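This note is intended for a colleague who meets the structure for the first time. Please read the numbered points alongside the sequence and the coordinates.

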Amino acid sequence: MKTREGAETPMMVSDLVPGLAFQDTVFFDGGTLTVRHESHADGAGSRLELHARIDGPRAAELAAEFAGLDEVLASDLAGLVALVEREHGDAAR
């Protein structure tokens, strides 16, 4: 993965539940950013959720550096919704 400044940082898929969820973790000096993407049955469709957390000794400092992360996650969620709708058509709505 590349940061806003263009620096590369290690990233891995840290959990996978096929068809339901995946989680990726990005490793920074002094902390990690973990984002979990989940799909839940909700009536006739699905509810998609993103959960993000920052851990490690520099968590507070990294959180300040990641100002605007909510916008990135909103874009990520929109992409996930589009993917589910393409894969499952009207059943995903």
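**Notes on the predicted model**

1. Strands S3 (residues 31-42) and S4 pair in the antiparallel sense over 11 bridges. Helices (H or I, at least four residues) and strands (E, at least two) are DSSP runs, numbered from the N terminus, and two strands pair if DSSP finds at least two bridges between them. Within this pairing, Arg 36 stands opposite His 51 in S4.

2. On the basis of the note: this is a predicted model, in which local features need pLDDT of at least 70 and side-chain atom pairs count only at pLDDT 80 or more, while totals for chains, interfaces and linings use all residues. Residues are numbered from 1 along each chain as its sequence is written, and side-chain values use heavy atoms, with hydrogens and water left out.

3. The chain has two helices and four strands. Read from the N terminus, the order of elements is β-β-β-β-α-α. The C-alpha trace spans about 45 × 20 × 20 Å along its principal axes.

4. The four strands form an open sheet in the order S1-S2-S3-S4, with antiparallel pairing. S1 and strand S4 (45-55) are the edge strands, each pairing on one side only. From one strand to the next, the twist averages 15 degrees; for such angles, axes are lines fitted to C-alpha atoms, for helices over the stretch in contact, and angles run from 0 to 180 degrees between N-to-C directions.

5. Strand S2 (residues 21-28) runs antiparallel to S3, and eight bridges join the two. Thr 25 stands opposite Thr 34 in S3. S2 and S3 form a hairpin with two residues between them, and Gly 30 in the turn has a positive phi of about 90 degrees. S3 and S4 also form a hairpin with two residues between them; in that turn, Gly 43 has a positive phi of about 65 degrees.

6. How much of S3 is buried? Nine of its 12 residues are buried, so S3 is largely enclosed by the rest of the structure. Here buried means under 20% relative accessible area, exposed over 50%, and partly exposed in between (1.4 Å probe, protein chains only). Ala 41 also lies in strand S3, but this residue counts as exposed, at 74% relative accessibility. Ala 41 and Pro 10 are 31 residues apart in sequence and 32 Å apart in space, C-alpha to C-alpha.

7. A salt bridge is taken as a side-chain nitrogen of Lys or Arg within 4 Å of a carboxyl oxygen of Asp or Glu, and by this rule the count comes to six. One of them links Arg 36 with Glu 38, the closest N and O atoms being 2.9 Å apart. Both partners are buried: Arg 36 has a relative accessible area of 18%, and Glu 38 has one of 16%.

8. Arg 53 meets Asp 55 in a salt bridge of 2.8 Å, N to O. Asp 55 counts as partly exposed at 32% relative accessibility, as does Arg 53 at 44%. Salt bridges that share partners also join Asp 15, Arg 36 and Glu 38 into one network.

9. Val 13, Leu 16 and Phe 22 make a nonpolar surface patch of about 290 Å². Patches are made of residues with over 30% relative accessible area and no salt bridge, where like charges are joined within 9 Å and nonpolar side chains (Val, Leu, Ile, Met, Phe, Trp, Tyr) within 5 Å. Val 13 lies in strand S1 (residues 11-17) and counts as exposed at 57% relative accessibility.

10. For the chain as a whole, 29% of the 93 residues count as buried. The accessible surface comes to about 6,100 Å², of which 56% belongs to carbon and sulfur atoms; accessible areas come from the Shrake-Rupley method with a 1.4 Å probe, and for residues only the protein chains shown count as cover. Among contacts (heavy atoms within 4.5 Å) between residues at least 6 apart in sequence, 32% join residues at least 24 apart.
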